[in-house]
Amino acid sequence: MGRDTFFLTTAIDYVNNVPHLGTAYEKIAADAIARFRRLRGEDTFFLMGNDEHSTNVEKEAVARGMDPQKYCDMMAETFQEIWRKLDISYDGFIRTTDDRHVRGVQKLFAEIHRQGDIYPGAYEGRYCVSCEAFYTEKDLVDGRCPSHNTEAKWISEKNHFFRLSKYRDRLLRHIEEHPEFIVPAIRRNEILNVVKSGLEDVSVSRSSFRWGIPLPVDTSQTIYVWFDALINYISAMGYADGDARFSKYWPAALHIIGKDITRFHCVLWPAMLMSAGIELPKTVLGHGFVSFKGEKMSKSLGNIVNPLDVADKFGPDPLRYFLLREVPLDRDGDFSWELFIERYNADLANDLGNLVSRTVAMIVRYNGGLVEDLLSDDERTGELKSVAESSIRDYSAAMDEYKIDEAVQSTWKLIRRANQFIEETAPWQLAKEQSKREQLLSALNALLESIRIISVLLLPVMPGKSAQIWKSICLSGSPDAQRLGSLGWSGSVVEAGRKVAQVEPLFPRIST
Ligand SMILES: [Zn+2]
């Protein structure tokens with residue numbers, strides 16, 4: 001990882017189903033982090049992708065009478081269409097059937113094999129086909145998978161094993177010496193307990209499945225889907241071909257994954273990298289889940305059932321806002337239509353939407369839309385300025401720690417302060433007296449200056465609305481060309497001949 005690069009990844013998704021709300025939440029959160037890093041001027045690479053070598057995927061293809069590869073091609077289109085709809089700004093998309101990935105897996109396997117860390121053996125044990133994971137008896141509930149509540153099948157076959165046990169001590173030391181390696185703390189403690197209680201070698205091949213990457217040392221077997229999938233993080237960056245991109249961006253700054261797959265990412269993956277002599281990622285973040293109980297939607301939203309479809313009606317930003325504001329990455333959360341509409345109307349339509357439309361409307365009404373170079377430093381303006389500056393600071397600090405919900409709240413602190421500023425300065429009163437002309441123009445400019453800062457802070461969470469707000473206050477350039485380091489209370493008002501015109505409401509209220 002270069003000093004100014006930031007490589008972040010999400011989990012790659014099984015394609016036996018279309019993305020659901022929880023999958024979308026992960027991508028939206030990762031996207032907000034990627035956009036924040038770019039806003040900071042860091043050379044960011046944001047990777048996503050699909051996990052295609054799963055028996056669940058093969059089964060789904062067969063059930064539809066499709067060739068697995070053709071089915072995966074179709075699903076890759078479907079997934080990326082959804083990600084575009086949600087405005088996810090990924091820089092790379094890896095599929096585990098891509099040539100570069102297959103070559104990457106073979107190369108890493110060969111490295112690990114050369115270290116003497118792969119050996120043949122017999123595997124017997126319980127296996128959940130849906131999880132594609134082995135279970136020990138103590139992890140099962142009455143012989144059933146704790147996640148799927150289906151019977152974990154007894155598997156007995158000749159496999160190849162990875163010497164995971166050999167890396168136990170090194171891994172333990174790494175986790176202890178690098179508190180930032182696994183976040184949040186609850187996940188870190190879980191993994192510490194797993195590693196402390198001892199690690200067993202793991203089977204990394206299957207003799208019974210054909211849909212997968214052939215095992216280089218025994219082509220009658222395929223590579224275990226998890227061993228295969230984890231390698232996407234380096235294969236996508238050209239690991240197999242010694243690409244400059246790989247040396248530039250690796251190690252990853254951040255793997256964002258669901259809390260249910262932290263063991264693979266915090267135990268198996270680092271041990272694989274240690275064996276091959278590759279640096280470990282800096283941070284693995286295991287986020288919580290978003291549940292949606294599928295309750296009846298509000299009448300006002302028509303026939304929208306799936307929360308993801310709310311993007312068709314309102315664009316992606318209100319959903320992005322809701323999820324990032326409502327569900328911190330380190331916790332589980334709920335989506336409900338009631339709460340969604342409440343937040344939309346209160347935070348977006350009232351607080352943010354009104355701030356922008358009132359400000360623009362007053363400039364149109366009291367000065368023909370013209371923005372004049374005038375910004376005084378009276379006490380009230382000074383106070384607004386200081387809230388703006390502390391919001392920028394708090395926002396950056398929170399985003400740095402992946403506390404997106406707190407960053408959003410810092411932004412809203414400024415939005416609410418600006419609305420309060422309107423009430424306190426009462427421009428409609430100032431407009432009545434010619435002697436208060438300067439005071440009036442300065443107050444309106446102070447509001448514009450707040451809105452300019454707000455639109456930049458909103459960019460990671462609501463990229464579309466951020467650009468729309470920027471445009472509605474008639475600034476040249478765009479918010480994504482701004483840099484957080486130089487964002488401050490300054491002279492945006494001096495752009496000569498700047499004139500604003502009445503705007504469409506940003507967030508038309510949802511009637512309830
Ligand atoms: Zn399972």
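A residue is called buried when its relative accessible area is under 20%. The views below come from a predicted model.

**View 1. Helix α6 and its buried side.** Helix α6 spans residues 185-196 and has 12 residues. From first C-alpha to last it reaches 16 Å, close to the 16 Å expected. Six names to find here are Arg187, Arg188, Ile191, Leu192, Val194 and Val195, which are buried. They lie on the same side of α6, because they cover an arc of only 160° around the axis. The buried residues of α6 pack against α5, β8, α10 and β14. Just after α6, Gly198 takes a positive phi of about 105°.

**View 2. Helix α5 packed on helix α6.** The two helices pack at an angle of about 155°, and their axes are 10 Å apart. That angle makes α5 roughly antiparallel to α6, since angles over 145 degrees count as such. The crossing of α5 past α6 is left-handed. On α5, the contact is made by Arg168, Leu171, Leu172, Ile175 and Glu176. On α6, Arg188, Ile191, Leu192, Val195 and Lys196 make it.

**View 3. Two cis peptide bonds.** The bond from Val183 to Pro184 is cis, with omega near -5°. Pro184 sits in the loop between β8 and α6. Trp250 and Pro251 are also joined by a cis peptide bond, with omega about 5°. Look for Pro251 in the loop between α9 and β13.

View 4. Asp142 is not a glycine, yet its phi is near 50°. Asp142 lies in the loop between β6 and β7 and is exposed, with a relative accessible area of 75%. Cys474, in the segment after α18, has a positive phi of about 55°. Cys474 is partly exposed, at 29% relative accessible area.

Key
Residues numbered from 1 in each chain as written. Predicted model: local features only at pLDDT ≥ 70, side-chain atom pairs only at ≥ 80, totals over all residues. Heavy atoms only, no water. Helix = DSSP H or I, 4+ residues; strand = E, 2+ residues; numbered from the N terminus. Expected span 1.5 Å × (residues − 1). Buried < 20%, exposed > 50% of the residue type's maximum accessible area, 1.4 Å probe, protein only. Arc of directions from axis to C-beta. Contact = heavy atoms within 4.5 Å. Axes fitted to C-alpha atoms, helices over the stretch in contact; angles between N-to-C directions. Parallel < 35°, antiparallel > 145°, perpendicular 65-115°, else oblique. Left-handed = near helix turned anticlockwise from the far one by under 90°.
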